[in-house]
Amino acid sequence: MRALVIVDVQNDFCEGGSLGTDGGARLAGRITAFLDEHAQDYAAVVATRDWHVDPGPHFADEGTEPDYTETWPVHCVAGTGGAELHPELDSEFIDAQFLKGRFDASYSGFDGQLGVPDMVRSGAPEGTSGPFGATAAAATAVEEDAPGLDDWLRAEGINSVTVVGIATDHCVRATVLDAIDAGYDTSVFTDLVTGVDPERSEEALELMEENGAVLQVWGGTAD
């Protein structure tokens, strides 16, 4: 059985966000259009999210310019608007969400754990958590024993994954390579991803293919 893995289609990675990619908002709408046609082809549809509480050196120090390789502007802080899924991505299609990077960088979706980012539990703490303004409730969106993406997929009987999302040259690349390493038959729709740097994105797709990913083209359009 095959799952669709939607990587990090979040406000901060789309136009107007702190790490916006060109075409991110359009991509969100295209993924929704793809799901309108093809959701039934997948046994599961999952999404990953950056969900930062205190990721340490992943965020550039205040007053320091990020190098956009190891250090980045503050983004996708848990419980803030930037960490939300882009509104053009229809979350009704999504069966489960996996939150990554609460206390580290975590580029790969396979670093994520099952969470409930859009639900505030009864008795959830109030106020903020960490130095970047994450809400305390959002910081507890992942239970301590929550399964990771790999464990969840295997429990669902998934042996193949198709990966789409943001960004081709960072979190999509890492997720695809980890999927291959974990033994999944892995494919990528090259017209349902977008990257930070066009040249590095092309290199990332070549690397994915060299490692065994099947590159495909959907070819559809969003209304």
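These legends describe close-up views of a predicted model of one protein chain.

**View 1. The whole chain, by secondary structure.**
The protein chain has 5 helices and 9 strands. Read from the N terminus, the order of elements is β-α-β-β-β-β-β-α-α-β-α-β-α-β. The chain counts 223 residues, and 51% of them are buried.

**View 2. The salt bridge between Asp8 and Lys100.**
The side chains of Asp8 and Lys100 form a salt bridge, with N to O at 2.7 Å. Asp8 sits in the loop between strand E1 (2-7) and helix H1 (24-38), and Lys100 belongs to strand E3 (residues 96-100), so the bridge ties together parts 92 residues apart in sequence. Asp8 and Lys100 are both buried. The pair also belongs to a network of salt bridges: Asp8, Asp50 and Lys100 are linked. In total, the structure holds 6 salt bridges.

**View 3. The salt bridge between Arg30 and Asp191.**
Arg30 pairs with Asp191 in a salt bridge, and their closest N and O atoms are 3.3 Å apart. This pair links distant parts of the chain, with Arg30 in helix H1 and Asp191 in strand E8 (residues 185-194), 161 residues apart. How accessible is Arg30? Its relative accessible area is 7%, so Arg30 counts as buried, the limit being under 20%.

**View 4. The salt bridge between Asp169 and Arg200.**
Here the side chains of Asp169 and Arg200 meet in a salt bridge, N to O at 4.0 Å. Asp169 is in helix H4 (residues 168-181) and Arg200 is in helix H5 (residues 198-210), so the bridge ties together parts 31 residues apart in sequence. Are the two partners buried or partly exposed? Asp169 has 1% relative accessibility and counts as buried. Arg200, at 36%, counts as partly exposed.

Helix H4 is mostly covered, with 11 of its 14 residues buried. Among the buried residues of H4 are Thr168, Asp169, His170, Cys171, Val172 and Ala174. Further along, Thr175, Val176, Leu177, Ala179 and Ile180 are also buried residues of H4. What do the buried residues of H4 pack against? They pack against E1, E3, E7, E8 and H5. Gly183 follows H4 and has a positive phi, near 95°.

**View 5. Glu203 on helix H5.**
Glu203 lies in helix H5. The relative accessible area of Glu203 is 43%, so Glu203 is partly exposed, falling between the 20% and 50% limits. Arg173 is 30 residues from Glu203 along the chain. The C-alpha atoms of Glu203 and Arg173 are separated by 9.9 Å.

**View 6. The largest nonpolar core.**
The largest nonpolar core has 34 residues. Which of them touch the most other members? They are Leu4, Ile6, Ile31, Leu89 and Leu192. E1, H1, strand E2 (44-50), strand E7 (160-166) and E8 each supply at least two residues of this core. H1 gives the most, with 6 residues.

Setting aside residues up to four places away in sequence, Leu4 touches Phe34, Leu35, Tyr42 and Ala44, among others. The contacts of Leu4 also include Val45, Val46, Thr162 and Val164.

A search of the whole structure finds 1 cavity of 30 Å³ or more. The largest cavity holds about 150 Å³ of space. Its lining comprises 15 residues. Which of these lie nearest the centre of the largest cavity? They are Phe13, Leu19, Trp72, His170 and Cys171. By class, the lining has 9 nonpolar, 5 polar and 1 charged residues. His170 and Cys171 are also buried residues of helix H4.

Definitions and conventions:
Residues are numbered from 1 along each chain as its sequence is written. This is a predicted model: local features need pLDDT of at least 70, side-chain atom pairs count only at pLDDT 80 or more; totals for chains, interfaces and linings use all residues. Side-chain values use heavy atoms; hydrogens and water are left out. Helices (H or I, at least four residues) and strands (E, at least two) are DSSP runs, numbered from the N terminus. Buried means under 20% relative accessible area, exposed over 50%, partly exposed in between (1.4 Å probe, protein chains only). On a 1 Å grid over the protein atoms alone, a cavity is a set of points where a 1.4 Å probe fits but cannot get out, and a pocket is an open set with protein on both sides within 12 Å along at least five of seven lines; lining residues have an atom within 4 Å of a point. Grid points are joined across faces, edges and corners, and a volume is the space filled by probe spheres set on the points. Ala, Val, Leu, Ile, Met, Phe, Trp, Tyr, Cys and Pro count as nonpolar, Asp, Glu, Lys and Arg as charged, and the others, Gly among them, as polar. A nonpolar core is a set of buried Ala, Val, Leu, Ile, Met, Phe, Trp, Tyr and Cys residues joined through side-chain atoms within 4.5 Å. Contact means heavy atoms within 4.5 Å.
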